[in-house]
Amino acid sequence: MRCLLSLAVVAALAVPVRAITVDGTLDGAYGPAIAVQTAATGFGDANPPGSLGGSELDAAYATISGGRLYIMLTGNHEPNLNKLDMFIDSTAGGENVLTNTPQYDFFNGSNWISQNAAGLTFDTGFTADYHLFSRWSSGTSGYEVDFVNRSGGGAAQVPGSTGASANAVNLQTAGFIPAGQIGTNASGTALTQNLEFAINDNNAAGVTGSTANAADALAVTTGMEFSIALADLGNPGPGSVIKIAAFINNGDHNYVSNQVLGPLPAGQGNLGGDGVGGFTGSLGGVNFNSFAGLQYFTVTVVPEPATMSLVGLALAGLVGARRRK
């Protein structure tokens, strides 16, 4: 009986933890925030929510579950085709200073990220491998997400998603980039698994256009959420540290706001293309080393499944029970 009981315990403990639902609402499985906004938004305050009022990034959450990276950025994304840019450093190599290769997005907009092969400079130690970005309009085209392997030149793109609303108030929508799809003007390998995404733009709290404090930022529980397989991020193994730099940009990727995570110092204005708010047509003047703190956040890949330690304890109990017979 003891053996049967222990086996039952093992089976119960081996049941995998429920996966995070990618719906644009913060799930408790993320744990505490990894980065919290300290700068009042320079790209407008979205109040009422879902309006053409502006964009903000209040806090960043990230976790690894089921062989996938989950990222939750609470806040708002203005429906005016401005970009939410996320660069991911998950493998060896990559770019600390962005170049204009490969070329992607509308009219090869990556040229505007870095003209003359000299673009935005990340903090020392951050080397971008992948570019995940999103945008949406006030029309019915939907929330759009792109994923680019910058080193491999491959891209997967979805031109539109379901759940769009011309109203943009109370808007919540979700979609995915299909596995195997290669987007417009793209080449190279495609995603091996679906990349899931969602937005819930109902936030009316958090930082404003004039103030920012941690309590307000941490009170926000809705925003932009993404899930991507580790297999599509170079297969980082247990113990690997994935670094993520996220910021709100204009539609051409060449005018960075002050909504950056990890955060810019309190009181910092928009960076623009020259680092001080000026428009230059590229991001060559933006250098995150010029600002205090780290303008990225990290998540560590841990062995999975997380329940294995509990299963081990149960197995130890099983062995002990058999020895005591």
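## Basis of the description

Two strands are taken as paired if DSSP finds at least two bridges between them, and the strands themselves (E, at least two residues), like the helices (H or I, at least four residues), are DSSP runs numbered from the N terminus. The structure is a predicted model, in which local features need pLDDT of at least 70 and side-chain atom pairs count only at pLDDT 80 or more, whereas totals for chains, interfaces and linings use all residues. Residues are numbered from 1 along each chain as its sequence is written, and side-chain values use heavy atoms, with hydrogens and water left out.

## The chain as a whole

The secondary structure of the chain consists of four helices and 13 strands. Of its 325 residues, 50% count as buried, where buried means under 20% relative accessible area, exposed over 50%, and partly exposed in between, with a 1.4 Å probe and protein chains only. The chain exposes about 13000 Å², of which carbon and sulfur atoms supply 58%; accessible areas come from the Shrake-Rupley method with a 1.4 Å probe, and for residues only the protein chains shown count as cover.

Among the contacts (heavy atoms within 4.5 Å) with a separation of 6 or more, 70% are between residues 24 or more positions apart.

## Nonpolar cores

In soluble globular proteins, nonpolar side chains tend to be buried together. A nonpolar core is here a set of buried Ala, Val, Leu, Ile, Met, Phe, Trp, Tyr and Cys residues joined through side-chain atoms within 4.5 Å. The largest such core has 39 residues, and L69, L73 and F297 are those with the most contacts inside it. When residues up to four places away in sequence are not counted, L73 touches L57, A59, A60, L84, M86, T222, G223, M224, A246, L261 and F297. Apart from this core lies another, of 21 residues, which includes I113, V256, L264 and F288.

Strand 5 (residues 130-135) is largely enclosed by the rest of the structure, because six of its six residues are buried. Y130, L132 and S134 point one way from the strand, while H131, F133 and R135 point the other way.

Strand 4 (residues 83-89) runs antiparallel to strand 5 and is joined to it by five bridges, with I88 standing opposite Y130. Strand 5 also pairs with strand 6 (residues 144-149) in the antiparallel sense, over six bridges, and in this pairing S134 stands opposite V145.

## Salt bridges

Side chains of opposite charge can pair when their charged atoms come close. With a salt bridge defined as a side-chain nitrogen of Lys or Arg within 4 Å of a carboxyl oxygen of Asp or Glu, a search of the whole structure finds five. In one of them the side chains of R150 and E95 meet at 3.0 Å, N to O. This pair links distant parts of the chain, since R150 lies in the loop between strand 6 and strand 7 (154-157) and E95 in the loop between strand 4 and helix 2 (110-113), 55 residues apart. R150 is buried, with a relative accessible area of 5%, and E95 is also buried, at 18%.

R135 forms another salt bridge with E144, where the closest N and O atoms are 2.9 Å apart. The relative accessible area is 2% for R135, 9% for D105 and 9% for E144, and each of these residues counts as buried. Salt bridges that share partners join K83, D105, R135, E144 and D146 into one network.
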